[in-house]
Amino acid sequence: MNVALALPTRKHENFRYSDIAALETVWPIVTEEIAIAAGEEGALQIVETGAEAVARHVAITLGKGAKFDLRVLSAGPSYGRIAIDVRLGEGADFTLGAAQLATGEETLEIVTEVAHAGLNATSAQIIRTVLAGKSVGTYLGRIAVERGADGTDAEQSVRAMLLERTATANARPELEIYADDVKAAHGCAVGELDAQGLFYLMSRGLTPAQAKRLMLQAFIAEAFTGAPGEDELSDLALARLEAIL
Amino acid sequence: MLKIENLQATVADKPILKGLSLTINAGEIHAIMGPNGAGKSTLGYTLGGRPGYEVTGGSALLGDQDLFALAPHERAAAGLFLGFQYPVEIPGVSFVQFLREAANAQRQVRGEAPLSGGEFLKLAREKAGLLRMDMDMLKRPVNVGFSGGEKKRAEMVQMGILDPKLAILDETDSGLDIDALRICGEGINAIMRKPDKAVLLITHYQRLLDYVKPDFVHVLAAGRIVKSGGADLALRLEEEGYEAVVQETAA
């Protein structure tokens with residue numbers, strides 16, 4: 001993929017909720033290319049915990065039977081955009097576990113395009129977003145199953161938690177399917193912490209902040225379960241959670 | 001230990017408790033019985049500080065502390081334990097992690113040193129043993145996938161670990177089979193029947209009281225205690241029904 005030179009506007013579907021003024025400060029975005037050869041395995045951890053605006057675009061190509069495990073933690077940037085394109089060959093397997101945590105006026109977004117190009121490829125995406133203050137958290141996720149990519153199994157689980165009513169969550173899962181024999185499951189939910197659960201925890205002696213933190217830790221943990229760097233990611237997410245609460 | 005005076009409380013603006021008074025001394029076990037809708041669970045939740053349960057009059061003292069001036073977690077640290085009729089499932093949070101944090105949060109408020117991981121596990125194993133609960137169950141997410149009986153036993157394990165002064169147990173007997181009922185009853189006795197502790201059992205039925213013999217039984221109807229007596233009152237209620245006993249009081 002080439003570097004796009006013109007700064008997009010919010011009319012571009014994939015930049016509809018972006019902070020364009022902040023995007024301009026990091027434009028243009030250089031695409032990071034990753035290719036995993038047939039039968040090989042790869043993993044990548046994207047961790048953005050600085051306060052500076054950041055925008056990344058990662059393009060991953062998976063050969064026949066290749067596997068890739070991608071984890072994303074976006075927790076800190078005033079504006080953070082992580083765009084991921086994946087192209088899966090026959091029998092390839094892609095896992096994405098991503099968490100974004102924002103507060104104040106921060107805007108975070110994860111934009112994925114997962115193309116199943118060959119037979120029997122599998123992909124699983126888990127996205128967890130926690131939003132406080134007036135922050136905005138967005139997930140735009142497209143799954144494209146190309147003609148002939150029968151046996152595709154594609155999953156998308158997208159959940160956002162609003163800690164305050166002033167925060168905004170956007171979620172747009174999309175499926176575009178041109179093959180016949182396809183399993184595609186997607187779930188998408190935006191909600192608040194369960195008040196009953198919070199009271200239960202507090203009735204045992206946890207402070208309100210501890211009770212929230214415990215429930216949110218569990219919420220985020222789903223994105224990092226089984227990751228090579230699970231402990232490190234969980235610790236970094238916890239540190240940001242404590243700052244947000 | 002607990003002194004409730006003329007307590008009035010509303011739920012969604014609807015008056016439920018209408019002038020309830022009750023005194024429980026250290027070393028005593030009290031049972032509150034009553035028909036559906038009398039306000040039994042509301043009493044437990046109001047004392048526990050559940051959001052949505054509004055105190056509109058009266059007072060409640062735990063020792064010398066005004067319960068209604070405290071947030072729910074502060075009430076716990078002051079020595080109150082609320083056993084839930086429907087314990088809440090919390091996916092992803094293990095009992096062990098949650099209970100250790102809860103115990104240490106309480107200890108911090110009381111100015112006590114926190115329990116180490118080893119100390120906590122020893123304590124948890126001992127209390128789980130009292131309730132014949134496998135320690136592995138406490139490594140699982142809070143109440144998730146537990147049967148009704150397991151949830152109630154887990155409540156009693158929590159009570160054992162947190163070591164409260166006063167336990168308010170809301171229908172701990174509901175959903176229990178005969179064996180689990182006996183185990184829970186014996187657990188309550190082992191943990192709470194002590195000169196410096198007290199228990200308020202909220203229940204519909206006499207059967208739990210076969211195992212946990214109350215010193216006092218109260219009948220709650222329409223938001224007030226309408227009759228009090230000894231353990232024999234529960235037997236009479238079982239035989240004659242609430243209506244007959246409540247009517248007799250009104251007459």
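Which residues have the most contacts inside the largest nonpolar core?

1. In this predicted model, the largest nonpolar core has 134 residues, and those with the most contacts inside it are A:Leu62, B:Val199 and B:Leu201. Helix H3 of chain A provides the largest share of this core, with nine residues. Another core lies apart from it and has six residues, among them A:Ala22, A:Leu23, A:Val54 and A:Tyr79.

2. Where the chains meet, 18 residues of chain A are in contact with 21 residues of chain B. On the side of chain A that touches chain B, helix H2 (195-203) and helix H3 (208-224) of chain A each supply at least two residues, and H2(A) gives the most, with eight residues. Sorted by class, that side of chain A has eleven nonpolar, six polar and one charged residues.

3. Chain A holds an open sheet of six strands in the order S2-S4-S6-S8-S10-S12, with parallel pairing. Strand S2 (41-48) and strand S12 (182-191) of chain A are the edge strands, each of them pairing on one side only. On average, and with direction ignored, neighbouring strands of this sheet are turned by 5 degrees against each other.

4. Within that sheet, strand S6 (residues 93-102) and strand S8 (residues 122-131) of chain A run parallel and are joined by ten bridges; A:Ala99, for instance, has A:Arg128 in S8(A) as its bridge partner. H3(A) packs on the sheet, where it touches strand S4 (67-75), S6, S8 and strand S10 (152-162) of chain A, and its direction makes about 155 degrees with that of S8(A). Helix H4 (residues 230-244) of chain A, for its part, lies across S2, S4 and S6 of chain A and runs at about 20 degrees to S4(A).

5. In chain B, the axes of helix H5 (residues 148-162) and helix H6 (residues 178-192) come within 10 Å and cross at roughly 10 degrees. Because angles under 35 degrees count as roughly parallel, H5(B) is roughly parallel to H6(B). On the H5(B) side the residues that meet H6(B) are B:Gly149, B:Lys152, B:Arg153, B:Met156, B:Met159 and B:Gly160, while H6(B) brings B:Ala180, B:Ile183, B:Cys184, B:Gly187, B:Ile188 and B:Ile191. By class, this contact of H5(B) with H6(B) has seven nonpolar, three polar and two charged residues.

Technical notes
Residues are numbered from 1 along each chain as its sequence is written. Chains are lettered from A and ligands numbered from 1 in the order in which they are written. This is a predicted model: local features need pLDDT of at least 70, side-chain atom pairs count only at pLDDT 80 or more; totals for chains, interfaces and linings use all residues. Two residues are in contact if their C-beta atoms, placed from the backbone, lie within 7 Å. Helices (H or I, at least four residues) and strands (E, at least two) are DSSP runs, numbered from the N terminus. Ala, Val, Leu, Ile, Met, Phe, Trp, Tyr, Cys and Pro count as nonpolar, Asp, Glu, Lys and Arg as charged, and the others, Gly among them, as polar. Two strands pair if DSSP finds at least two bridges between them. Axes are lines fitted to C-alpha atoms, for helices over the stretch in contact, and angles run from 0 to 180 degrees between N-to-C directions. A nonpolar core is a set of buried Ala, Val, Leu, Ile, Met, Phe, Trp, Tyr and Cys residues joined through C-beta atoms within 7 Å. A residue is buried if 20 or more other C-beta atoms lie within 10 Å of its own, exposed if 12 or fewer, and partly exposed in between; C-beta atoms are placed from the backbone. Angles under 35 degrees count as roughly parallel, over 145 as roughly antiparallel, 65 to 115 as roughly perpendicular and the rest as oblique.
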